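Work through the exercises below with the model open beside you. Try each task before you read its solution.

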Amino acid sequence: MRNLSKPLLTRRRMKLTPEMVPEPLWGISACRRVRPQSLWRSIRSCEIDRAGHRCEVCEETTPPLYCHEQWHYDDRKARATLIGFRVICQDCNYAVHIGLAYNRGKGPEALAQLTRVNSISDLEANQMVERATATWEKRSRKNWRLSVSPRLLRAFPQLRVLLGVDTRSNDSSICSIEIS
Ligand SMILES: [Zn+2]
């Protein structure tokens with residue numbers, strides 16, 4: 001019998017989760033830093049080809065498709081590492097950037113996508129967002145140093161521009177996340 005005092009949402013791995021970028025890292029991304037922009041576009045088109053022009057989460061093929069940057073946050077070392085890219089559709093992009101989705105009046109669509117793709121209830125989807133928000137708040141209080149996984153760097157040497165970026169010395173005051 002299920003213990004009713006436990007939260008509904010288990011820690012099982014979800015296909016789609018909100019990935020809130022810590023505030024000090026807003027505006028710092030491969031999409032924004034790799035220049036000229038044609039170099040970023042070459043990464044993007046390479047990844048969309050690799051994914052067969054479909055969303056890697058829900059298999060949607062309707063454009064636009066986004067080249068989402070996957071970052072790993074090492075909370076102990078305060079190091080954010082770009083570990084890969086995932087091609088995602090519009091609705092999955094809203095779910096991943098759920099804070100941004102709410103700001104743009106797309107919160108309900110984002111929640112609906114979390115529910116549908118993960119086969120979870122509305123309540124569980126809301127719990128997911130609450131957890132992601134709590135993590136985001138903790139991570140937003142730190143300064144971060146950037147890194148790129150060696151595998152990714154071998155595939156796309158143009159990502160070298162991200163190495164060693166430190167939010168303590170970051171001169172970027174851009175406060176929006178580029179949807180790439
Ligand atoms: Zn999708």
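**Exercise 1. Find how β2 and β3 run relative to each other, and how many bridges join them.**

Solution. β2 and β3 run parallel, and four bridges join them. One of the pairs is Leu82 with Val148, the latter in β3. Strands here are DSSP E runs of at least two residues, and helices are H or I runs of at least four, numbered from the N terminus. Two strands pair if DSSP finds at least two bridges between them.

Two notes on the model. It is predicted: local features need pLDDT of at least 70, side-chain atom pairs count only at pLDDT 80 or more, and totals for chains, interfaces and linings use all residues. Residues are numbered from 1 along each chain as its sequence is written.

**Exercise 2. Give the strand order of the sheet and say which strands stand at the edges.**

Solution. Step one: the order. Three strands form an open sheet, β1-β2-β3, with mixed pairing. Step two: the edges. β1 and β3 each have a single partner strand, so one side of each lacks a neighbour in the sheet. Neighbouring strands are turned by 45° against each other on average, direction ignored. Step four: the packing. α2 packs on the sheet and touches β1 and β2. The direction of α2 makes about 100° with that of β1. Axes are lines fitted to C-alpha atoms, for helices over the stretch in contact; angles run from 0 to 180 degrees between N-to-C directions.

**Exercise 3. Describe the largest nonpolar core and name the element with the largest share of it.**

Solution. Start with the term. A nonpolar core is a set of buried Ala, Val, Leu, Ile, Met, Phe, Trp, Tyr and Cys residues joined through C-beta atoms within 7 Å. Buried means 20 or more other C-beta atoms within 10 Å of the residue's own; exposed means 12 or fewer; partly exposed lies in between, with C-beta atoms placed from the backbone. The largest such core has 40 residues. Among those with the most contacts inside it are Cys55, Ile88, Cys92 and Ala110. Elements that each supply at least two residues include α2 (37-50), β1 (65-74), α5 (107-118) and β3 (145-148). The largest share, six residues, comes from β2. Now take Ala110. Leaving out residues up to four places away in sequence, Ala110 touches Tyr94, Ala95, Ile98 and Ala101. Contact means C-beta atoms, placed from the backbone, within 7 Å.

**Exercise 4. Locate the cis peptide bonds from Arg35 to Pro36 and between Pro63 and Pro64.**

Solution. The Arg35 to Pro36 bond has omega near 0°. Pro36 sits in the loop between α1 (30-33) and α2. For Pro63 and Pro64, omega is about 0°. Pro64 belongs to the loop between α2 and β1.

Methods
Two residues are in contact if their C-beta atoms, placed from the backbone, lie within 7 Å.
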